[in-house]
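Reader: I'm new to this and want to learn how the labels get decided. Can you take me through them one by one?

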Amino acid sequence: QEAFAKTFARGGFEAVSEPAPGVLRISAHVVDLALTARLDPEQDPNVEEFVRSFGDLTLLLDVRDAASGNPLLRTLDRQSISQNALSGAYRNTTGANIGAQRDVFGRQALLLREEIEKYRRMGRVPVPPR
């Protein structure tokens, strides 16, 4: 929720708590989580691990019109849980693992915001003829 709120706020969107016309309800669900790095690595101070990835997750994004509940968009994307795939390996810590998971949500929020902005620039979509 934090990653989506920050990313959308940077694009001029406001988070609201009540459904209203013109409001989107965005839900993000992790539907498959496979952690490959050891959890709580700080428990053993004699071991220092370096990892390229903490694992993978599949993220389901569901976007609906908040007022009517009508579905507008649903995506499913498998992502590596890593802070930066180009930087190579980094030390396995609980903080780095959580940070990498936040990065996954932040990247997905940015992609979604960019798509929404693209449609917003198109203007009002005409109602299809009957």
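Reader: Why is L72 called exposed?
Author: L72 has a relative accessible area of 52%. Exposed means over 50%, buried means under 20%, and partly exposed is in between (1.4 Å probe, protein chains only). So L72, at 52%, counts as exposed. L72 sits in strand β4; a strand here is a DSSP run of E with at least two residues, a helix is a run of H or I with at least four, and both are numbered from the N terminus.

Reader: How do you know how far to trust this?
Author: This is a predicted model, so local features need pLDDT of at least 70, side-chain atom pairs count only at pLDDT 80 or more, and totals for chains, interfaces and linings use all residues. Residues are numbered from 1 along each chain as its sequence is written, and side-chain values use heavy atoms, with hydrogens and water left out. pLDDT is the predictor's confidence in each residue, from 0 to 100. The chain's mean is 87, with 94% of its residues at 70 or more. Confidence is highest in strand β3 (residues 55-65), at a mean of 93, and lowest in strand β5 (residues 90-91), at 84.

Reader: What makes F4 and F8 a stacked pair?
Author: Rings of Phe, Tyr and Trp (its six-membered ring) pair if their centres lie within 6.5 Å; planes under 30 degrees apart are stacked, over 60 edge-to-face, and the rest tilted. By this rule there are 3 aromatic pairs. F4 and F8 have their centres 6.3 Å apart and 15° between the planes, so they pass as a stacked pair. Both lie in helix α1 (residues 2-10), 4 residues apart, about one turn of the helix.

Reader: And why are F8 and F13 called edge-to-face?
Author: Their centres are 5.4 Å apart, with 70° between the planes, so this pair is edge-to-face. Ring pairs link F4, F8 and F13 into a cluster.

Reader: How do you know whether F8 is buried or exposed?
Author: The relative accessible area of F8 is 9%, so F8 is buried. F4 is buried as well.

Reader: What makes a nonpolar core, and which residues touch the most other members?
Author: A nonpolar core is a set of buried Ala, Val, Leu, Ile, Met, Phe, Trp, Tyr and Cys residues joined through side-chain atoms within 4.5 Å. The largest has 19 residues, and F4, F8, F54 and L112 touch the most other members. Two or more residues come from each of α1, β3 and α2 (94-122), and α2 gives the largest share, 7 residues.
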